[in-house]
Amino acid sequence: MYLLIPAAGSGKRMGADRNKLLLQVHSKSLIAWTLLAAEAASSISWIGIISQPHDWEDFKAITADLKLTKPVEFIPGGATRQESVYNGLLALPGAATQVLIHDGARCIATANLFNACAEAILHCPGLIAAIPVKDTIKVVDESGIIQSTPDREQLWVAQTPQGFDVKLLKQCHAEGVRQGWEVTDDAALFEKCGIEVRIVPGEETNLKVTTPQDLAIGQFILSHRE
């Protein structure tokens with residue numbers, strides 16, 4: 001299975017002056033933890049890291065230090081996550097028929113989750129890892145007034161990995177460019193194109209490290225995992 005890791009973001013919300021994936025948690029960089037999970041996943045055979053070229057030297061040093069056994073390619077990132085993933089799709093080897101896409105900042109995902117998504121994408125056109133919403137959700141207008149309370153039984157929190165048929169996802173991204181769609185994940189492009197996306201049970205600990213608080217939580221989870 002081919003894996004693309006969007007890693008082109010900044011550390012703005014983290015309050016960092018560099019790519020947040022270079023920050024350390026429990027003695028390793030965030031991107032290192034992500035790569036170690038991919039390395040441990042028996043289903044993953046190729047890894048593409050999508051990032052800005054100015055980060056490549058640091059990322060290459062990290063991958064060398066980890067002594068990964070799987071090939072790692074570096075792919076230029078775009079101005080948005082959407083552009084970055086499209087660049088990644090275009091850089092996939094020709095043999096790739098399915099792909100997993102996993103945010104580099106979700107550095108606590110396990111090899112088991114990668115394997116579960118890799119198995120499931122062989123039987124459907126698209127999927128996302130997700131967990132059920134536990135809290136009551138309110139829809140609020142611009143004045144701060146509650147408009148509705150959706151049934152949480154139908155609400156799920158989207159995570160990554162997300163998996164897709166490569167040909168279909170390329171078509172959806174191309175259509176997104178033509179239509180000027182702006183989306184925050186690839187599943188939304190499938191939805192807009194009327195293609196079914198399946199849910200695969202995610203992991204409660206699979207948080208996206210975005211803020212200093214997330215970093216502290218990640219430290220806690222990893223310290224109890226060892």
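**A friendly note on the sheet and its helices**

1. Let's start with the sheet: seven strands make up an open sheet, ordered 5-4-1-6-10-7-11, with mixed pairing. Please keep in mind that this is a predicted model. The edges are held by strand 5 (72-76) and strand 11 (198-201); each has a single partner strand, so one side of each has no neighbour in the sheet. On average, and ignoring direction, neighbouring strands of this sheet are turned by 30 degrees against each other.

2. Now for one pair inside that order. Strand 1 (residues 2-6) runs parallel to strand 4 (residues 46-51), and the two pair over five bridges.

3. Helix 2 (residues 56-66) lies across strand 4 and strand 5, at about 165 degrees to strand 5. Helix 3 packs on the sheet and touches strand 1, strand 4, strand 5, strand 6 (98-101) and strand 10 (156-165). The direction of helix 3 makes about 150 degrees with that of strand 1.

4. Helix 3 (residues 81-90) also packs with helix 5 (residues 166-179), at an angle of about 140 degrees and with the axes 10 Å apart. That angle is why helix 3 counts as oblique to helix 5. The crossing of helix 3 past helix 5 is left-handed.

5. Which residues make this contact? Helix 3 brings Gln 82, Val 85, Tyr 86 and Leu 89, while helix 5 brings Leu 169, Lys 170, His 173, Ala 174 and Val 177. Sorted by class, the contact of helix 3 with helix 5 has six nonpolar, two polar and one charged residues.

Definitions and conventions:
Residues numbered from 1 in each chain as written. Predicted model: local features only at pLDDT ≥ 70, side-chain atom pairs only at ≥ 80, totals over all residues. Heavy atoms only, no water. Axes fitted to C-alpha atoms, helices over the stretch in contact; angles between N-to-C directions. Helix = DSSP H or I, 4+ residues; strand = E, 2+ residues; numbered from the N terminus. Parallel < 35°, antiparallel > 145°, perpendicular 65-115°, else oblique. Left-handed = near helix turned anticlockwise from the far one by under 90°. Contact = heavy atoms within 4.5 Å. Nonpolar A, V, L, I, M, F, W, Y, C, P; charged D, E, K, R; others polar. Pairing = 2+ DSSP bridges.
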